Amino acid sequence: MKGLLTMSNPFLSPSTLPYGLPPFDIIREEHYAEAFDVGLAEMTTEIARITDSTEPATFANTVVALESAGAVLDRVSTVFFTFAAAHATPGIQALQSDVARRLSELDDDIHLNAALYARIKEASSSVPEDSESKRLYSEYVDKFARSGADLDDAGKARLRDINGRLSTLSTDYQQRLLSDTNEAALIVDTEDELDGLTADSIASAAAAASEAGHDGKYLLSLVLPTSQPALPQLHNRDTRRRLHTASVTRGTANPNDGTLAIATEIAELRAERASLFGYRNHAEYATANQTAPSLEAIHAMTDALAPAAVRNAESEADQLRSAAGRDLEPWDWSYYSEKVRADRYDVDLAALRPYFELERVIHDGIFHAAHLLYGVSFQEREDLVGYYPGVRVWEVFNEDGSGLGLFLGDYYTRPTKSGGAWMNSFVHQSRLLDSRPVVINNLNIARPGEGEPTLLTFDEVVTVFHEFGHALHGLFSAVEYPSLSGTAVPRDFVEYPSQVNEMWMLWPEVVQNYAKHHVTGETLSQDIIDRLDAASTWGEGFATTEYLGAALLDLAWHEIEPGQKIDDALAFEQEALEKAGVSVSLIPPRYRSGYFKHIFAGGYAAGYYSYIWSEVLDADTVEWFKSNGGATRANGTRFRELLLSQGNSQDPLESFRQFRGRDAEIQPLLVRRGLTS
């Protein structure tokens with residue numbers, strides 16, 4: 001039977017589909033375990049082949065050989081972990097902890113391999129003179145050093161124990177959070193309790209309730225951040241209270257169990273691991289190889305922003321109390337904020353939803369902007385199958401008609417899908433491997449009722465443009481080596497291209513092309529767009545305080561000292577927010593410890609600051625586009641060639657300097673966020 005399975009296992013040979021798209025129609029859950037067995041064994045053999053070689057170590061037979069190794073493991077891993085986030089079936093979840101543990105062990109086997117590390121260092125004299133090869137070599141040496149290659153035997157043994165435990169804990173956090181989020185979804189009995197929501201939103205809530213086994217009721221699923229999309233529209237204050245409370249209490253019901261307990265152990269183990277490398281804490285270790293010059297520089301920036309953000313938030317709160325005619329609770333903020341926005345700027349964000357229909361946002365919005373700037377075009381490939389019904393596949397073409405890669409879109413929420421939005425890759429671009437990119441965007445939009453259009457909120461449109469910026473970063477990669485491809489840049493740089501792409505959402509040539517009423521076809525008026533622009537700084541006090549709360553909470557968790565024990569995670573969280581000066585009772589952080597997936601089950605540990613660090617580059621880049629003619633092909637070509645195509649083939653800040661002509665300046669960010677005064 002095992003032999004028959006091997007013969008039919010689609011992961012064990014390269015995909016024959018265009019661009020190496022995984023053959024999802026024939027992949028079965030039983031294929032994963034065997035493919036991981038084969039892939040792990042193959043990788044181990046390839047490493048042994050490198051270390052056992054009797055030839056002198058060279059860049060080609062050591063570093064490039066490492067870059068080319070692990071084909072089966074790469075194919076199965078990219079699909080498996082996409083499913084673990086986007087369609088976590090019981091079978092996937094049952095396998096995930098074991099897979100994570102084994103991959104952690106392999107990672108240690110590679111990076112703690114003294115013979116392999118010695119050959120890499122020996123290969124230094126044969127590194128080619130081109131800048132990308134030099135970059136690859138320096139990245140390998142740094143990765144091995146940061147992974148423990150220089151530790152003594154006792155240190156390496158303890159590091160293996162910590163890494164193995166952390167791999168298990170991160171998986172546990174992700175799975176527990178998915179379960180908690182599904183369980184915390186708000187069920188209401190009557191349509192009256194949803195007064196203020198649009199008819200299509202109510203229909204979506206009814207459909208979600210039926211799917212969850214609550215016929216005749218209504219279900220509001222939770223998105224990952226604290227703020228929930230329905231809060232600005234819900235007239236019923238008690239429904240707002242229940243929805244907000246469900247959001248902020250995820251994972252906190254029993255501090256000694258669930259996600260809080262997992263988060264605490266993760267933070268404590270990361271602190272111990274950092275000490276093995278000689279760092280004071282995990283934050284210092286994690287930021288040592290980022291574009292930020294130091295942890296102190298990060299704190300200098302956040303410490304400068306926090307007081308101004310809180311002052312703005314307090315001013316906004318006073319205005320909201322005046323508008324409400326009452327004291328406020330956290331669940332009132334977004335509701336009355338929208339009322340003030342509508343009154344002061346004559347902008348009702350909820351009323352814009354009929355202009356933001358998903359198909360138009362995709363085809364006439366993000367695709368159109370990409371064509372204006374970069375000349376690329378998109379053709380839907382209905383002959384190519386996604387991994388779940390409704391996952392769509394587009395082929396992407398350069399202006400000369402040559403194939404660039406594939407873009408997949410998975411837009412709707414479901415119980416097996418993690419919250420939030422993200423981009424990842426099934427195939428990374430690489431000239432060495434002769435591979436072209438296959439990338440995917442995942443969102444969590446409520447599925448409409450049968451036959452109804454998918455109408456997006458204003459924030460959801462922002463997210464569509466943001467995630468597509470990540471996709472373009474992957475699609476436009478033009479590097480030699482796969483580990484330097486696309487979005488494989490420092491964490492505090494990776495958000496920069498995606499934030500830049502948000503600017504095109506309301507750019508005249510773009511918004512007039514897609515923002516059309518789904519019934520009448522009427523184009524969103526320039527007057528409304530101008531009012532949106534005028535209102536752009538309203539609410540920035542809340543937004544910046546909410547964000548900084550999460551960023552500084554992340555740093556607090558990862559600045560605990562080795563050996564420090566956190567007995568009460570919620571008390572630690574509150575103390576951290578107070579110490580950072582962002583403890584505002586009306587504004588919980590964007591993520592609390594019980595549902596901060598970015599840092600406890602993602603790649604942002606001590607890195608959530610990166611959004612605002614990247615936004616300095618983003619805001620400065622927006623000013624450049626505005627000063628140089630906007631969405632022109634020449635400007636897009638410059639941005640693509642000098643920055644988006646470079647991946648990590650050189651210092652990303654050098655890529656920025658080549659594009660911008662200088663280092664970034666912070667003033668555009670301060671203006672954008674209303675912090676200049």
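The structure holds five cavities of 30 Å³ or more. A cavity is a set of points on a 1 Å grid over the protein atoms alone where a 1.4 Å probe fits but cannot get out. Volumes are the space filled by probe spheres set on the points, joined across faces, edges and corners. This is a predicted model, in which local features need pLDDT of at least 70, side-chain atom pairs count only at pLDDT 80 or more, and totals for chains, interfaces and linings use all residues. Residues are numbered from 1 along each chain as its sequence is written, and side-chain values use heavy atoms, with hydrogens and water left out.

Start with the largest cavity. About 100 Å³ of space lies in it. Lining residues have an atom within 4 Å of a point. Among them here are Thr226, His244, Trp331, Trp333, Phe542 and Glu546. Helices α14 (333–345) and α20 (540–557) each give two or more residues to this lining. Helices are DSSP runs (H or I, at least four residues), numbered from the N terminus. Seven of the lining residues are nonpolar, four polar and one charged. Ala, Val, Leu, Ile, Met, Phe, Trp, Tyr, Cys and Pro count as nonpolar, Asp, Glu, Lys and Arg as charged, and the others, Gly among them, as polar.

The second largest cavity holds about 50 Å³ of space. Its lining includes Gln174, Leu177, Ser418 and Lys597. Helix α8 (residues 153–184) supplies the largest share, four residues. Here three lining residues are nonpolar, four polar and one charged.

Now turn to an open space. A pocket is an open set of points with protein on both sides within 12 Å along at least five of seven lines. The second largest pocket has about 390 Å³ of space. It is lined by 13 residues, and Leu555, Ala556, Glu559, Ala576 and Lys579 lie nearest its centre. Helices α13 (295–324), α20 and α21 (569–580) each give two or more residues. The most come from α21, with five. By class, the lining has seven nonpolar, two polar and four charged residues.

An α-helix has 3.6 residues a turn, so residues three or four places apart point the same way. After α7 comes Gly148, with a positive phi near 105°.
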